[in-house]
Amino acid sequence: MRRRFRKFTPVWTGMAVLALSGPLTPALAQMKGDGAAIAAKGTPAGALACMTCHGTQGEGNAAAGFPRLAGLPAQYLAAQLDSFAADKRQNPIMGPIAKQLDAAQRQAVAGYYGALAPVAAPASPEGGALRQTDTGAWLALRGRWDHDLPACVQCHGPGGTGVGAAFPALAGQSSAYIAAQLHAFKNGTRPGGPQDLMKAVAGKLSDGDITAVSNYFGGAKP
Ligand code: HEC
Ligand code: HEC
């Protein structure tokens, strides 16, 4: 389903859902419709339209520090919204917005963004001579095994384009957003995710490492 809708713009996704409403259960069609409406218009309970900050295509706004949502795994996005709503992932902007959505609305809007086009792999990320003195690229592509630190791409996929339902894409996010998240994992204002993996990773990064690896992925243009 996700693959099939990938090439459509949000408008087309809505129309395709209508056209296919025969084989889809009414509940699913309703859910998808709700997700698109929440993204574009917000909710009567007062949640702001997601597009205001996250862009009309869910592409984010690098200058303002609003992350890309398009094509991130729906399950991951729903978990983040639940986490914001429960104040586990602490953020003064997203906390109140997530609380204004009920659990079904969080699922629906996560499903909507998850079905939008994912970021394409950056051109040959491993091209050129990789040197250990280039800290950002080295951490991203090789890791630091003497400190039990795997390469970021081992979990986040080649070029940081994401893997499965649990590992979000880093490609397409700004360096400022990536750095802020690494600091949040490190200082505990954001939970470490499944098996606390990101707490373990971020805990092994110095401030200099965080800047270098964030610039590496933030500069890896979609
Ligand atoms: C006023 C601006 C604003 C609006 C409106 C907004 N967001 Fe956000 N959103 C943010 C910011 C800022 C962050 C980064 C928070 C952080 O640093 O942890 C964020 C982060 C997120 C994340 C985490 C992404 C990730 O990669 O982990 C999700 C999911 C999200 N927003 C969903 C939504 C949804 C759904 C809506 C609409 C109901 C919405 N946002 C409306 C500003 C906004
Ligand atoms: C062992 C697997 C693993 C490794 C290695 C790993 N990550 Fe992650 N990363 C995860 C998981 C799982 C999540 C999702 C956390 C959650 O659910 O909140 C994540 C989330 C993130 C996020 C948040 C993305 C967003 O949209 O908010 C950033 C940023 C990040 N990782 C950066 C890195 C960097 C940089 C490296 C390399 C230094 C790295 N990760 C290495 C597993 C890993």
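Donors are N, O and S atoms within 2.8 Å of the metal. The model discussed here is predicted.

Me: Which protein atoms are the donors of the iron atom of ligand 2?
Reply: A donor must be an N, O or S atom within 2.8 Å of the metal. Two protein atoms lie 2.0 to 2.2 Å from this iron atom. The protein donors are therefore His-156 (NE2) and Met-198 (SD).

Me: What is the arrangement of the site of the iron atom of ligand 2?
Reply: Six donors count as octahedral if opposite donors are over 155 degrees apart and all others between 65 and 115. The six donor atoms here have angles of 84 to 179° among them. The site of the iron atom of ligand 2 is octahedral.

Me: How many residues apart are His-156 and Met-198?
Reply: His-156 belongs to helix 9 and Met-198 to helix 11. The pair thus links distant parts of the chain. The separation is 42 residues.

Me: Is Met-198 buried or exposed?
Reply: Buried means under 20% relative accessible area, and exposed means over 50%. Met-198 has a relative accessibility of 18%. Because this value falls under the 20% limit, Met-198 counts as buried.

Me: Which helix gives the largest share of the shell around ligand 2?
Reply: A polar side-chain atom of Tyr-177 lies 2.6 Å from an oxygen atom of ligand 2. Helix 5 (74-85), helix 9 (152-156), helix 10 (175-187) and helix 11 (197-203) are the elements that each give two or more residues to this shell. The largest share, five residues, comes from helix 10.

Me: How many residues of the shell around ligand 2 are nonpolar?
Reply: The shell around ligand 2 holds 24 residues. Five of the shell residues are polar and one is charged. The nonpolar residues number 18.

Me: What span does helix 7 reach from its first C-alpha to its last?
Reply: Helix 7 (residues 103-114) has 12 residues. At 1.5 Å a residue, the expected span is 16 Å. The span in the model is close to that value, at 16 Å.

Note on methods. Residues numbered from 1 in each chain as written. Chains lettered and ligands numbered in written order. Predicted model: local features only at pLDDT ≥ 70, side-chain atom pairs only at ≥ 80, totals over all residues. Heavy atoms only, no water. Near = heavy atom within 4 Å. Polar contact = N/O pair within 3.5 Å; in protein donor to acceptor, adjacent residues only side chain to side chain. Helix = DSSP H or I, 4+ residues; strand = E, 2+ residues; numbered from the N terminus. Nonpolar A, V, L, I, M, F, W, Y, C, P; charged D, E, K, R; others polar. Expected span 1.5 Å × (residues − 1). Donors = N, O, S within 2.8 Å, 3.2 Å for Na, K, Ca; no water. Tetrahedral: all angles 85-135°; square planar, octahedral: opposite > 155°, others 65-115°. Buried < 20%, exposed > 50% of the residue type's maximum accessible area, 1.4 Å probe, protein only.
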